[in-house]
Amino acid sequence: MTSSPERRWSIRARVLTGMMLLVGLALLVAGTASFAVQRHELNERLDESLTRTVKEFKVLTETGVDPRTMERFKHAEDLLYIAMQRTLPSPKQGMLALVGNKVRWTAPDIVNTRLEDDPEFLEWARTVQDANHIRLGTVDTDITTYRAVVVPVSLPADHEHGAFVLAYDYSAEAIANDRNFMIYAAVGGSVMLVAALAAWLVVGRMLDPIRRLQTTAQQISETDVSQRIEVSGNDEFAELTVTVNEMLDRLEGALSSQRQLLDDVGHELRTPVTIINGHLELMDPSDPEDVAQSRDIAMDELGRMSLLINDLVTLAKSNRMDFLQVEPTEVGKLLDDILDKARGLGPRQWRVDYRTEATVSLDPVRTTQAMLQLCANAVKFSAEGSRIGLGNEIVRDGQGNTTLRWWVSDAGVGIQAEDLERIFERFGRGQNSVRSSGSGLGLNIVQAIAETHGGRVWVNSEHGKGSTFYIDMPLSTGSKEA
């Protein structure tokens with residue numbers, strides 16, 4: 001018991017999935033890069049702002065005067081107070097002043113970031129406080145994350161050390177950056193959804209010829225290959241549709257030819273079988289003369305059946321790639337060889353009408369077979385002692401095409417006009433033919449040999465005056481005329 005094939009993804013789904021993965025990957029890479037750049041710019045902006053404030057504080061320390069005494073600052077506490085008055089924090093920035101280890105000054109109430117309310121931050125500020133070094137760093141607490149700077153203050157006239165502390169609420173600053181990324185992600189997701197819908201429709205339309213091809217293929221059976229796919233557009237799918245339709249035309253022709261062959265072969269074989277069977281049933285075993293006559297009839301019919309089978313095998317081989325064994329051939333010498341072999345077919349006046357001296361790429365064995373078949377045909381339908389001419393020549397037309405033409409002419413009974421087309425058909429016979437003469441496949445074999453050479457076979461005949469059969473073989477560029 002055969003199991004049903006696994007369900008596979010359709011081409012439409014695979015194309016759409018691949019497209020969405022590619023677009024999603026591109027958006028992810030672009031978004032990640034943009035996020036990293038913006039986060040780096042945020043860090044630089046915060047550090048630049050803190051560094052600028054530190055420089056301003058240094059200037060105040062080195063050149064500033066106490067407005068109350070109009071002299072240089074003597075106490076750290078006073079310096080810190082004036083510095084905080086002159087510093088305007090940004091919305092997410094806080095500040096405070098430490099004197100010793102205690103908070104001496106804090107930011108105005110309008111400042112939202114209250115550093116003094118975060119014990120962990122205060123502990124960090126006291127810990128890193130140093131009389132000789134400015135400390136810039138990131139501080140993580142339970143409340144938030146800070147980007148902070150601690151500027152130590154030490155005046156010669158004051159034994160107490162102080163520190164100016166300025167910090168950004170880094171988490172709050174980063175939220176704005178993250179919000180931009182979330183907006184980007186939301187817009188990117190929306191774009192992907194719209195793109196997926198558009199791609200679903202576009203890919204579906206593009207694959208419509210494939211679906212019609214599948215539907216047509218499902219409708220085709222051994223007995224009905226008449227279905228064709230409607231061609232629409234002028235893209236690769238339209239070309240594929242045309243190619244498939246041409247393939248179906250060839251398939252229909254092959255199946256029709258196959259059915260016709262079976263019918264013809266059945267008809268042709270039925271007659272000798274019926275004759276043999278009839279004579280054997282009526283034969284008198286006790287009459288030697290009747291036995292001998294029945295035997296001769298049976299052997300004659302079996303011989304004709306053998307000839308028919310051999311010719312059918314030849315026709316079947318004509319569809320194979322190795323039917324022809326093409327090689328450079330001197331066609332003048334080949335014509336002489338054909339004439340020598342044809343003389344044994346019957347007592348006729350055998351002549352060469354014209355011989356061309358050229359080297360041509362063809363199959364000499366199949367060409368000889370076709371020419372001898374035409375010679376045998378000429379002998380069959382001409383009188384003893386009549387003339388039969390053979391020839392070949394290079395023919396050029398006005399369009400630059402070059403053809404090697406072979407012919408066999410006779411002075412026999414000729415062919416009636418209504419028989420000119422059907423004599424090349426399988427088992428086709430003219431009105432001058434008799435059933436017992438050959439298999440009815442001779443000219444069909446000649447036609448197959450001509451067509452496998454890329455050419456054709458045709459006849460020029462006048463009833464009562466004789467016939468001339470021609471085989472035209474197009475020449476390749478490598479053929480040379482002597």
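Select strand β3, residues 93-99. Q93, M95, A97 and V99 point one way from β3, and G94, L96 and L98 point the other way. Both sets are buried (under 20% relative accessible area with a 1.4 Å probe, protein chains only; over 50% is exposed, and in between is partly exposed). In total, seven of the seven residues of β3 are buried. Strands here are DSSP runs of E with at least two residues, helices are runs of H or I with at least four, and both are numbered from the N terminus.

This is a predicted model: local features need pLDDT of at least 70, and side-chain atom pairs count only at pLDDT 80 or more, while totals for chains, interfaces and linings use all residues. Residues are numbered from 1 along each chain as its sequence is written, and side-chain values use heavy atoms, with hydrogens and water left out.

**Stop 1**

Find L98: A163 in β7 stands opposite.

Click L96; its bridge partner in β4 is T106. Two residues lie between the strands of this hairpin, and G100 takes a positive phi near 70°.

**Stop 2: Q93**

Go back to Q93 in β3. Is Q93 buried or exposed? Q93 counts as buried because its relative accessibility is 4%. Show side chains: a polar contact of 3.5 Å joins Q93 and Y168. Such a contact is a pair of N or O atoms within 3.5 Å; within protein, one must be able to donate a hydrogen and the other to accept it, and residues adjacent in sequence count only if both atoms are side-chain atoms. Leaving aside neighbours within four places in sequence, Q93 is also in contact with others, including S49, L88, V111 and L166 (contact means heavy atoms within 4.5 Å).

**Stop 3: the cores**

Select W350, L362, L390, W406, V408 and I471. They have the most contacts inside the largest nonpolar core, which has 36 residues. Such a core is a set of buried Ala, Val, Leu, Ile, Met, Phe, Trp, Tyr and Cys residues joined through side-chain atoms within 4.5 Å. Elements giving two or more residues to this core include α8 (331-342), β12 (402-410) and β14 (466-474). Apart from it lies another core of 27 residues, among them L60, F73, A83 and M95.

Definitions and conventions. Pairing = 2+ DSSP bridges.
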